[in-house]
Amino acid sequence: MSDDIFRDAYKPAEYNSNISKAKVYLTTCAINCDSPIVLVTSGGTTVPLECNTVRFIDNFSTGKRGSASTEYFLRRNCYVILLHRSGSLRPFFRHFDANMVDEAFSVDERDDLVVRKDSELGKNFRSIYDAYHKFRNKLLMIEFETCSEYLWYLRGIANLLTSYKSNAIYYMAAAVSDYYIPRDAMSEHKIQSSDAALDIKLFPVPKMLGHLCNTWSPEAFSVTFKLETDSTILISKAERSLQRYKQNLVIGNTLSDRRVRVTFISHSKDNVLKERLCETKGSDKSELEELIVDELLSSYRLWLSSE
């Protein structure tokens with residue numbers, strides 16, 4: 001079943017083009033090989049119910065954590081490949097909202113649209129615009145939609161990053177579906193509505209994390225996220241993941257407070273479980289993602305020094 005999802009039927013239409021872009025991008029990164037290259041995955045994955053898709057299963061992920069973290073990785077002198085869900089939040093652009101149309105811009109006497117210098121939103125827009133242009137050459141964004149598309153790109157990019165060894169960081173913030181419908185179990189066309197109940201059989205999505213950490217890119221620094229609604233099982237689930245997949249770090253969070261608090265969970269060299277809380281304070285203006293990135297890069301540097 002694990003190789004089934006890599007049949008050509010699941011291959012993204014733009015796969016070859018995007019992997020070629022990644023190759024060119026990594027050639028640029030190689031010139032500055034002292035800077036880490038981070039693969040950030042972001043957003044949720046859809047599970048189509050039909051081959052000619054009208055209906056699909058989705059999750060609530062907006063891509064906020066991945067897009068925000070990407071900004072902070074860039075500001076910390078990293079190169080970033082952002083593998084993100086189409087339509088999810090994007091770095092820098094995530095700050096734009098409808099209020100900016102009226103409050104950040106005006107029309108001058110020549111009828112040109114200009115940024116208002118007397119408006120806080122205008123100042124914010126200019127700072128966002130300047131930051132994007134400063135860092136855009138260090139950022140490559142690739143879109144996916146379905147769970148299978150995500151896995152195709154993850155494998156393809158990981159195979160490219162293998163040669164970068166410990167200079168590569170995987171920051172796996174995407175909310176990947178746990179279940180999907182294999183192509184040969186799908187309806188070819190739209191499922192017709194009726195008064196009868198609809199029975200759908202879902203199959204487990206092949207677990208590729210072990211392949212990533214142990215085969216595709218075994219010398220990289222790998223970080224995954226674990227989201228739970230029950231805080232009492234979070235640490236045990238994270239430890240089980242560490243034992244099974246051998247990633248370097250699990251960042252655990254619970255649904256109710258995921259915007260203000262996470263827990264860094266890892267194993268020491270003598271296999272003792274370590275926990276470190278990372279949270280924003282009441283008066284702290286920092287985004288949690290900025291704290292996460294700083295703590296992660298600190299852990300990464302310690303890991304490098306111990307290699």
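This is a predicted model: local features need pLDDT of at least 70, side-chain atom pairs count only at pLDDT 80 or more; totals for chains, interfaces and linings use all residues.

Colleague: Is strand β1 mostly covered or exposed?
Modeller: Strand β1, residues 37-42, is mostly covered, with six of its six residues buried.

Colleague: Which residues point which way from β1?
Modeller: I37, L39 and T41 point one way, while V38, V40 and S42 point the other way. In a regular strand, side chains alternate between the two faces of the sheet.

Colleague: Which strands pair with β1?
Modeller: β1 pairs in the parallel sense with β4 (residues 79-85) over six bridges, and in the parallel sense with β8 (residues 168-172) over five bridges.

Colleague: Changing topic, what volume has the largest pocket?
Modeller: Its volume is about 1,400 Å³.

Colleague: Which residues lie nearest its centre?
Modeller: Of the 41 lining residues, A174, A175, V176, D178 and F225 lie nearest the centre of the largest pocket. The elements that give two or more residues to this lining include β1, α2 (64-75) and β11 (221-228). By class, the lining has 17 nonpolar, 13 polar and 11 charged residues.

Colleague: And the second largest pocket, how much space lies there?
Modeller: The second largest pocket holds about 550 Å³. Its lining numbers 21 residues, with N248, H267, S268, K274 and W303 nearest the centre.

Colleague: Which element gives the most to that lining?
Modeller: α8 (288-306) gives the most to the lining of the second largest pocket, with six residues. By class, this lining has five nonpolar, 10 polar and six charged residues.

How values were computed:
Residues are numbered from 1 along each chain as its sequence is written. Side-chain values use heavy atoms; hydrogens and water are left out. Buried means under 20% relative accessible area, exposed over 50%, partly exposed in between (1.4 Å probe, protein chains only). Helices (H or I, at least four residues) and strands (E, at least two) are DSSP runs, numbered from the N terminus. Two strands pair if DSSP finds at least two bridges between them. On a 1 Å grid over the protein atoms alone, a cavity is a set of points where a 1.4 Å probe fits but cannot get out, and a pocket is an open set with protein on both sides within 12 Å along at least five of seven lines; lining residues have an atom within 4 Å of a point. Grid points are joined across faces, edges and corners, and a volume is the space filled by probe spheres set on the points. Ala, Val, Leu, Ile, Met, Phe, Trp, Tyr, Cys and Pro count as nonpolar, Asp, Glu, Lys and Arg as charged, and the others, Gly among them, as polar.
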